[in-house]
Amino acid sequence: MGIKMDRRVVYTTHIIKKSFLELLSEKKLNKITVQEICKKADINRATFYAHYADIYDLMHQIESEIIQGVQAILDNYASNRDGGIMLLTKFIEENAEFYNTFLNNRENWELMDKLSDTTQESSIKRWTSEPVRMSRREAEYLHTFSAGCFLSIIKKWLSDHEKVSAEEIARMIIILLESSTQAFLEAYKERQGDGTTKCNPDD
């Protein structure tokens with residue numbers, strides 16, 4: 001009985017989220033009603049409120065699940081960036097409807113900022129350590145550039161009619177990030193060598 005009930009809960013929450021994301025792709029969050037979600041999901045209001053306090057609680061839970069999924073990948077691949085990117089693109093592919101909705105609606109980009117924040121400290125630690133040892137401020141800008149590049153490619157990928165595989169897009173991202181980051185680091189070292197870099201590493 002417990003397994004059957006768990007499956008029912010999983011299905012119900014899945015169809016609620018799916019219906020919500022479909023509506024979110026059509027209108028602003030504050031314009032969506034519980035009644036609309038229930039009608040699209042073919043459930044009653046009591047079923048919705050058995051799982052979520054309101055629309056914003058639903059939104060928060062979806063965001064939390066996505067962030068936790070990304071964080072788990074990053075934690076497991078902290079020392080293997082390429083492997084992490086490969087797994088991350090597969091995770092995004094599995095949650096394509098969610099990412100497509102959010103990346104194509106700038107009002108929802110607050111979540112994208114949260115996702116960027118989950119990777120920021122590991123990036124800063126790598127770039128402020130030896131042998132690069134750039135300032136924290138410069139490392140933050142480099143991370144912002146890399147994260148923006150990553151999200152822009154993912155947005156293009158998800159909206160492209162002729163889909164390429166998650167593995168292929170991951171390889172493309174790895175090459176682009178590696179080449180652009182390497183070019184920046186080489187220029188940074190040159191500036192350090194000729195004394196034009198004046199930032200305090202502790203800034």
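Accessible areas come from the Shrake-Rupley method with a 1.4 Å probe, and for residues only the protein chains shown count as cover. By this method, the accessible surface of the protein chain comes to about 12,300 Å², and carbon and sulfur atoms hold 52% of that surface. The model is predicted, so local features need pLDDT of at least 70 and side-chain atom pairs count only at pLDDT 80 or more, while totals for chains, interfaces and linings use all residues. Residues are numbered from 1 along each chain as its sequence is written, and side-chain values use heavy atoms, with hydrogens and water left out.

The protein chain has nine helices and zero strands, where helices (H or I, at least four residues) and strands (E, at least two) are DSSP runs numbered from the N terminus. Along the sequence this reads α-α-α-α-α-α-α-α-α. Of the 203 residues in the chain, 38% are buried; buried means under 20% relative accessible area, exposed means over 50%, and partly exposed lies in between (1.4 Å probe, protein chains only). Contact means heavy atoms within 4.5 Å. Among the contacts with a separation of 6 or more, 59% join residues 24 or more positions apart.

Next comes the interior. In soluble globular proteins, nonpolar side chains tend to be buried together. A nonpolar core is a set of buried Ala, Val, Leu, Ile, Met, Phe, Trp, Tyr and Cys residues joined through side-chain atoms within 4.5 Å. The largest such core has 43 residues, and Phe20, Ile37 and Tyr99 touch the most other members. The elements giving two or more residues to this core include α1, α2 (34–41), α4 (55–76) and α6 (96–103). Helix α4 gives the most, with seven residues. Beyond four places in sequence, Ile37 is in contact with Ile16, Ser19, Phe20, Leu23, Ile32, Phe48, Ile55 and Leu58. Another core, of seven residues, lies apart from the largest one and includes Ile124, Met134, Ala139 and Tyr188.

Helix α6 packs against two partners described here. Two packed helices are described by the angle between their axes and the distance between the axes. Axes are lines fitted to C-alpha atoms, for helices over the stretch in contact, and angles run from 0 to 180 degrees between N-to-C directions. The axes of α4 and α6 come within 12 Å and cross at roughly 110°. This makes α4 roughly perpendicular to α6, a label for angles of 65 to 115 degrees. Met59, Ile62, Glu63, Ile66 and Val70 of α4 meet Phe98, Tyr99 and Phe102 of α6. For α6 and α8, the axes come within 10 Å and cross at roughly 115°, so these helices are also roughly perpendicular to each other. Here Ala96, Tyr99, Asn100 and Leu103 of α6 make contact with Leu151, Ile154, Lys155, Leu158 and Ser159 of α8.

Lys17 lies in α1 and is buried, because its relative accessible area is 17%. Not counting residues up to four places away in sequence, Lys17 touches Tyr52, Leu58, Ile62 and Glu65. Glu22 is also found in α1 (residues 2–24), but Glu22 counts as partly exposed because its relative accessibility is 25%. Leaving aside neighbours within four places in sequence, Glu22 is in contact with Lys40 and Glu97. The C-alpha atoms of Glu22 and Thr101 are separated by 8.0 Å, although these residues stand 79 residues apart along the chain.

Notes. Parallel < 35°, antiparallel > 145°, perpendicular 65-115°, else oblique.
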